[in-house]
Amino acid sequence: MRLKSSFIIGLLLAISANVFSQATKKSKALKYTVTYDDPYDIKKLFIHFQPIVGDIGALNIVGGFGLEANYYHKDKLDFEFSGRTTYGSRFDIARDAANRNAFNENVISTYFYGDAGGTYHILDRTKESESKILLYSKRLKGTEWAATVPKNALIKNTVREIVGGRGGAFFYTSAAGLSTVLAKQEMDLFYNDGTPVNSDELYTNVAAYGFYVGGSMSWFKNFAVDFESRWEPNGDDLLMTTYVDVLYAPGITIDDLLVGGETVSLEDIKQAPLGFRAGLKGKFNRTLGWGYGVETGLRPGIQQNGFFFAFKLSFPIYGTKLEQTVEAVNTETGE
């Protein structure tokens, strides 16, 4: 009987201790108020200035800059226009090598890539989510903040999910070193009289235009919180998209070589009209912000030489709602 009584008393004490512990934790929990949470209330137009753009490919390696614009139309469609080029010939590796060492006399083109397209929102919905928010206080300054291990909190919010169907067109032109192309395709070049062209320093231009279709998945967050403590107000307004596209280029041009005033045909170079890409891009719903993007895949052009990896950093990004209407009040009626 004593054993049974002791067991019951011990169980009650354990339950009481657990309840007390939970109550203590709840009383010490960080308290906050969500002051704003609407992922549909975003800027309609974003203009990106991209001071850092890189394109690392099998044919060429390029560093440069670009411009991009995004427009969102009535939660049903969004459009994108972009273009990029090099800082100069030193940042256009195949072109620079051709200018310095080319055995042939072709005029080598400057790298350029551009595309334009749109996304239709097949599915556009919201659901509950959690975001990890960094806790920051103005009291921590300089070396004091640098020496502090940042704290964070999980905040409940609404995330907007968009499943989209994409489509558009693209165009590019680039210098290309032929040595790797000829080696991969196991080809030799010959003059009109049948004499082989013996040089490893051959360069040409590749240009292509085409179309793409694909799908995307986006996650939009746009919320703000106030804390009932020393921490500064914070939130999250990230607009992030992943995508996969199939690329098709019906028009691919590879310039013939000019060697000693003679034209050497490159019509036997095998072309690849099909390709694909997969990418990730993000930006923030602010009047003045920044963004990023990366993508990789196989670019249509020369067969067995289509691999590429591209990245871009956008700063600044100018965002606007394109609203020109202001509130008006009748001074007589107050309405």
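**A guided tour of the model**

In this predicted model, the count of aromatic pairs comes to 9. With a surface displayed, compare the accessibility of the two residues. Phe284 is buried, at a relative accessible area of 13%, because buried means under 20%. Trp290 has 36% relative accessibility and therefore counts as partly exposed.

**Further rings**

Next, select Phe46, Tyr72 and Phe220, which ring pairs link into a cluster. Keep Phe220 displayed, as this residue is also among those touched by Thr241.

Select Tyr243 together with Arg166: the arginine lies over the face of the tyrosine, 4.4 Å from the ring centre. Then select Tyr212 and Arg277, where the charged end of Arg277 sits over the ring of Tyr212, at 4.6 Å from its centre.

Is Thr241 buried or exposed? Its relative accessible area is 11%, so Thr241 is buried. To see what surrounds this residue, display Ser216, Met217, Ser218, Phe220, Gly279, Leu280 and Lys281; Thr241 touches each of these, leaving aside residues up to four places away in sequence. Among them, Ser218 deserves a separate view: its side chain makes a polar contact of 2.7 Å with the side chain of Thr241.

**An open sheet**

In the order E1-E8-E9 they form an open sheet of 3 strands with antiparallel pairing. Which strands stand at the edges? They are E1 (32–37) and E9 (234–236); each has a single partner strand, so one side of each is left without a neighbour in the sheet. On average, neighbouring strands of this sheet are turned by 20° against each other, direction ignored.

For a view of the pairing itself, select E1 and E8 (residues 223–227). The two run antiparallel and are joined by 5 bridges. In general, the strands of a sheet pair through backbone hydrogen bonds.

Conventions: Residues numbered from 1 in each chain as written. Predicted model: local features only at pLDDT ≥ 70, side-chain atom pairs only at ≥ 80, totals over all residues. Heavy atoms only, no water. Buried < 20%, exposed > 50% of the residue type's maximum accessible area, 1.4 Å probe, protein only. Polar contact = N/O pair within 3.5 Å; in protein donor to acceptor, adjacent residues only side chain to side chain. Contact = heavy atoms within 4.5 Å. Phe/Tyr/Trp six-rings, centres within 6.5 Å; stacked < 30°, edge-to-face > 60°. Lys NZ or Arg CZ within 6 Å of the ring centre and 35° of its normal. Pairing = 2+ DSSP bridges. Helix = DSSP H or I, 4+ residues; strand = E, 2+ residues; numbered from the N terminus. Axes fitted to C-alpha atoms, helices over the stretch in contact; angles between N-to-C directions.
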